[in-house]
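Here's a quick walk through some helix packing and a few individual residues. Have the structure open while you read.

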Amino acid sequence: MELIVNGEYAYYRSVKDTFSDEGEWTLYLQDMLDQLEQSTRGEHTYTQILVEEEMYARLLEQVRKAPYRIESFYEQLLPHYPEEVKALFVAYIEFRADQSRDRRDYADVCRIIRMLQQVGGRKEAFTVTQKLLTKFPRRPAFREELGKIRF
């Protein structure tokens, strides 16, 4: 468990295979996940295990703590939490827009808006685009990039 908690995902499968009793594995897994959640080195391993074990509620909580992760985990979360996924995309888009400073950043914000459209958030994408156009009237390059998005 110590190796896994320190971020060594490669050991996860072998450790799991040593358990024949599902109840024992469940208890061990919960303990391991609790430790991983507190660990700073095992963040990536933690999310990999959550996906493999199909623990989507816990994965959603992890993504809420770090909204940038929505890009990595929206495919797993979308079937179970469609509205939350769209809301996380909107929050992430607004955050990225506030941080953007040049055309490359603006284009990346627009890429994320297109991802939101692809997950079924056309209405949300339109709304956030209109909000950004209103919020940033003095950023012509950003407005130009936003204008390239088709609804």
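Are H3 and H5 roughly parallel or roughly antiparallel to each other? Before the answer, some housekeeping. This is a predicted model, where local features need pLDDT of at least 70, side-chain atom pairs count only at pLDDT 80 or more, and totals for chains, interfaces and linings use all residues. Residues are numbered from 1 along each chain as its sequence is written, and side-chain values use heavy atoms, with hydrogens and water left out.

**H5 and its partners**

Helices here are DSSP runs (H or I, at least four residues), numbered from the N terminus. Helix H3 (residues 22–38) and H5 pack at an angle of about 0 degrees, and their axes are 13 Å apart. H3 and H5 are therefore roughly parallel to each other; that label covers angles under 35 degrees. The axes are lines fitted to C-alpha atoms over the stretch in contact, and angles run from 0 to 180 degrees between N-to-C directions. From H3, the residues Gln-30, Leu-33, Asp-34 and Glu-37 meet Arg-58, Gln-62 and Lys-65 of H5. Sorted by class, that contact of H3 with H5 has 1 nonpolar, 2 polar and 4 charged residues. In this scheme Ala, Val, Leu, Ile, Met, Phe, Trp, Tyr, Cys and Pro are nonpolar, Asp, Glu, Lys and Arg are charged, and the others, Gly among them, are polar.

H4 and H5 pack at an angle of about 145 degrees, with axes 8 Å apart. On the H4 side, Glu-43, Tyr-46, Thr-47, Leu-50 and Val-51 meet Tyr-56, Arg-58, Leu-59 and Gln-62 in H5. The contact of H4 with H5 splits into 5 nonpolar, 2 polar and 2 charged residues.

Most residues other than glycine have a negative phi. Glu-54 is also exposed, at a relative accessible area of 56%, where exposed means over 50%, buried under 20% and partly exposed in between (1.4 Å probe, protein chains only).

**Helix H7**

Helix H7 (residues 82–99) has 18 residues and reaches 26 Å from its first C-alpha to its last, close to the 26 Å expected at 1.5 Å a residue. The expected span is 1.5 Å times one less than the number of residues. Its buried residues include Val-85, Leu-88, Phe-89, Tyr-92, Ile-93 and Arg-96. The buried residues of H7 pack against helices H5 (56–65), H6 (70–77), H8 (103–118), H9 (122–135) and H10 (140–147).

Contact means heavy atoms within 4.5 Å, and the table leaves aside neighbours up to four places away in sequence.

| Residue | Helix | Relative accessible area | Contacts |
|---|---|---|---|
| Thr-47 | H4 | 1% | Leu-59, Gln-62, Arg-69, Phe-73 |
| Val-85 | H7 | 0% | Ile-70, Tyr-74, Leu-77, Leu-78 |
| Thr-129 | H9 | 1% | Ile-113, Leu-146, Ile-149, Phe-151 |

Methods: Helices (H or I, at least four residues) and strands (E, at least two) are DSSP runs, numbered from the N terminus. Angles under 35 degrees count as roughly parallel, over 145 as roughly antiparallel, 65 to 115 as roughly perpendicular and the rest as oblique.
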